[in-house]
Protein chains: 2
Amino acid sequence: MANSNKHIRFSKLISSAAIFLAGFSGFVAAQETTEIIHDAEYYVLAAQHGDRWLTEDADIDSKLEELREKFGKPPNIIHIMWDDTPVGEVGIPEIQKMRGWETPVMNEMAADGMNLLRMYTEPSCTPSRAAAITGRHAVRNGMYNVGFPYEYGGLAADEVTIAEVLSEAGYATAFYGKSHLGDVTSANLNNQGFDEAIWSPYNQVPSLYVPAGQAHALSPAVMFPNMFPDDPYDIDKGWRPTGFVWALEGKKGGEVREFGTPPFDHEGYMALEDAFEEATLDFIRRNAEGDKPFFISWWPQLTSFLGFPDRVTPAGGLLQEALARLDVRVGRLRDELDALGISENTLVVLMADNGPMVHDGPVGMVETIYAGGKGDFTEGGVRVPAIVWWPGVVEPGQTVGDIVHITDLFTTFARLGGALQNIPTDRIIDGIDQTALLFNGDTYSRRDYNFIYTGPVLAALVKGRYKRHLVGAKPGLSGPEFYDLYNDPREASAKMLPMFPAKGMFNIMKLRHQMWIEKYPNQGQNRDYPFVDVVDARPEVAAASKPRINPEDLPFDPREVISRIPEWENIDARWGAQR
Amino acid sequence: MANSNKHIRFSKLISSAAIFLAGFSGFVAAQETTEIIHDAEYYVLAAQHGDRWLTEDADIDSKLEELREKFGKPPNIIHIMWDDTPVGEVGIPEIQKMRGWETPVMNEMAADGMNLLRMYTEPSCTPSRAAAITGRHAVRNGMYNVGFPYEYGGLAADEVTIAEVLSEAGYATAFYGKSHLGDVTSANLNNQGFDEAIWSPYNQVPSLYVPAGQAHALSPAVMFPNMFPDDPYDIDKGWRPTGFVWALEGKKGGEVREFGTPPFDHEGYMALEDAFEEATLDFIRRNAEGDKPFFISWWPQLTSFLGFPDRVTPAGGLLQEALARLDVRVGRLRDELDALGISENTLVVLMADNGPMVHDGPVGMVETIYAGGKGDFTEGGVRVPAIVWWPGVVEPGQTVGDIVHITDLFTTFARLGGALQNIPTDRIIDGIDQTALLFNGDTYSRRDYNFIYTGPVLAALVKGRYKRHLVGAKPGLSGPEFYDLYNDPREASAKMLPMFPAKGMFNIMKLRHQMWIEKYPNQGQNRDYPFVDVVDARPEVAAASKPRINPEDLPFDPREVISRIPEWENIDARWGAQR
């Protein structure tokens, strides 16, 4: 009975905000009051704090209305997200000084806004990007695998992106940069709610698909065709991959074309980054005036794996060189917003997509405060620098210790854009509206938990300062897999004895989470051939978009094989070996 | 010939500063111009930068003269040094937020002054404290071993301390807190240049010498006598130690008495810290006016190993709780300086003595940015938080990436106090005058190197961003013991191939260092019985101060045995096992 009452109180909380937004937001359709379905853990918090949240939300609605009246439209939103950077490496100049490089612009934006010190992402690129754009853990949207060329997969059509949510509420939307959301048609960003998009469907590995890259790979078994001599034993002519694309472009509902001009060389690859920046600034200029607010995902390509021929930082590491250059680009963006006079109606979020590539990564991609990196469920894999900059709205000089999850951006952006009603209510949305945190500051987060997945496997649970490792734990035993993140930030010294009471609590938390998955099942992986709708496909790209052997010459359907691509089957063995 | 000329130029550099100081410093004896003997590596830098340094020094002398005229005396100096804290844990509020605690006062002092991000100490307490007070690496002054009760040793009489150097130049000098410089008569701080002193001769281990401590030790073999029942097989009645002291007090040239009233209990131990603070504030008040500047070493006791019964931080770790409390004390010191109107003529240096006690340490004493801790030659063992605060003189808002070594305080304090001429010139002084860094800021350090010892063993070499491990290296091979500290701050990925040119450079650097030791040999260890001059010694303390068995009943001299106490004999085996 008590639970039921609290749930009703919580319903009022959501409905009130949605109705209010409908009241002042003339350019959106009539708002429904159906509830967003959050993860089970959220309701445990809402039952305890829902009354306070209602009060806060009323204040927030007033502030949003004031802003709307002042600027004539909801705020513009720019989400900048780059690769592989641990928390502390951007936004804390002292750490940069110790590491021999700096990003003065982004550090200044952190000082002029909010430095989020506990932003959790998923542990790697594709999962984080899919989580940001859908507001859902990658395990739910099927994007838990890091895409490589060819991935034969990508974001499913029936996932609802933040671009769709905001687009429907009247926003002009654009995507420029590295999507890493896959190579199939449904993953094309002009099919996922963006009015305009230029995107690279993979990570930076295709940067090695140039003569210099082939030398760089230092492998006599290098697979790029023009480096590979004739081999008399090489009898399968379709086995070695050809026809990668670096980037694609398209407009909402329109055709998709390759972006960038062959023949490919390293200079051409590096020029992509200029193009992404220029497109971003151009889109801003075109949309600064007028009734429509804009939403831009600018997810920089950052670098190639070949690096830069010159050095701009003392450290000189690949990532550090790339971020020092990105910082200059971000400076130009900030200058443009100031010059256009729209800074105070523009929220900019800057962040990385996951921890550093410490396993087999380039020089300088290392752990600092937290242990582990890309792919790991330890804090080093999932805690990234994150900066919120919104002059006149987000108070300067704030450092925030609250937990925020990358999916929270989805719901928070929707709230700011008056678009909560466009969020689907037939699936779990992990993202929590964190507008109260943006407006009120430290300790106003509505989340104290995180579920850390590696691939489809639930690897660790976080509740406040406490963490439990599930991968690597001994089944049936009270193992020592409990950590106090304040006092053991590197997860170096697992304890059971002093943290015994945490075991039962974590058990319940995990069971609630699993129960909710049974009620609202995860999306499966979405598999198909790549690039099937590229209208100007080069012959080798066209060849990649269909079976290389005529299916009629085979006793099986190669298209079915694609759908069977397995991933992460032996996750336990993998992690066992690393620990 | 070229070298000889450069050396002459360097001589001019030192002489010029000394002569100038003599000119305006009426209260000191006539200054000599004999050169300080630095480590060999310093002259390599002086040969390259001596001309610039001369120019800088002329400016510095003018500034010092201006200050002297303004305030009527040289600056007061307060050196605050506590235990076991890695760089970043104080002075970078963002890291504290991630760790669940804060030191707002000290962070503010860092922001209002200079945050030294690359202050090197020795790797453990006694060595660091001996290095700070003598301006010499612990290996040179014989204090390379961490003292435990009983140490049967301590700082030698013919070591010259900063208190002696400044005292001779007219300063009022005081020591309050943990000295950890040994239990023999020559280590008593009233014999080492301090006008007034209250000090604990050991680390915090004697805090366990109370009933609660004995329970806390959780060892059935606990050695404290009043916990130990009669044992019929216990036939050596002198073997189990008794008669530790917590603290001693004395005035220059006067008697030494025990400080603190038996019977000992935990409250009594914790009250020591109040006494140290009160003595510090009282000394400041008594010396604020008048012609004499003051020098105070306030080296807080910080905590006992029993911790605090209540919690003031979310993290709650022993060190964090202690530092949060120390921060309040430092706040009172700052308020006192402001209230007395002497802040602008008082330099305050705040720092830790070495990295965190990660080996067998309390909960929460952990690595963060750098790997390793107390006792280790990796960066985590020797890089500590360090803050310089001097309103009106040291510009606010500075972060400094230069290398500074704890011994540099000795020479810099002497320069500021017009006391360079009191530094002995018959031995190597590792400390470098870093006044140019304090006055001019980042990149003005006169040091780019460090020699890291563990005990008497040279364990690692640091030159700028480069580091070489010597302990653990394979003799005769080109092993992979070379590190790039910008890109590999945790010394996780040793490289030889890309850093091959560093090998020859490090070889020369090491050989120069060793050559200079042959010319100016190290002090040996200084061994004796403890507490021999405590005038109010309790019977058990008096018993500890002499052989427990009458030497006439023995076929050997137990006093000779003391002088043979070996330390660190199997250093290579020890480090081999840890790596």
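A polar contact is a pair of N or O atoms within 3.5 Å, where, within protein, one atom must be able to donate a hydrogen and the other to accept it. In this predicted model, such a contact of 2.3 Å joins the side chains of B:Glu367 and B:Arg490. B:Glu367 is found in the loop that runs between strand S8 (346-352) and helix H11 (379-382) of chain B, and a polar atom of its side chain also lies 2.8 Å from the backbone nitrogen of B:Gly372. When residues up to four places away in sequence are not counted, B:Glu367 touches B:Pro356, B:Val358, B:Gly372 and B:Arg490 in chain B, together with A:Pro489 and A:Arg490 in chain A.

From this loop we can turn to a sheet of chain B. Strands of a sheet pair through backbone hydrogen bonds, either parallel or antiparallel. Here four strands form an open sheet in the order S12-S13-S14-S15 (chain B), and their pairing is antiparallel. Strand S12 (449-454) and strand S15 (482-484) of chain B are the edge strands, each of which pairs on one side only, while neighbouring strands of this sheet are turned by 20 degrees against each other on average, direction ignored. S12(B) and strand S13 (residues 457-463) of chain B run antiparallel and are joined by six bridges; B:Asn450, for instance, has B:Val462 in S13(B) as its bridge partner.

Helices accompany this sheet. Helix H2 (residues 40-71) of chain B lies across S12 and S13 of chain B and runs at about 175 degrees to S12(B), whereas helix H14 (residues 501-519) of chain B packs on the sheet by touching S12, S13, strand S14 (466-469) and S15 of chain B, its direction making about 125 degrees with that of S13(B).

Four salt bridges are counted between chain B and chain A, and in one between B:Lys97 and A:Asp442 the side chains meet at 2.5 Å, N to O. Across this interface of chain B and chain A, 15 residue pairs are found in polar contact, with both residues at pLDDT 80 or more.

Conventions: Residues numbered from 1 in each chain as written. Chains lettered and ligands numbered in written order. Predicted model: local features only at pLDDT ≥ 70, side-chain atom pairs only at ≥ 80, totals over all residues. Heavy atoms only, no water. Pairing = 2+ DSSP bridges. Helix = DSSP H or I, 4+ residues; strand = E, 2+ residues; numbered from the N terminus. Axes fitted to C-alpha atoms, helices over the stretch in contact; angles between N-to-C directions. Contact = heavy atoms within 4.5 Å.
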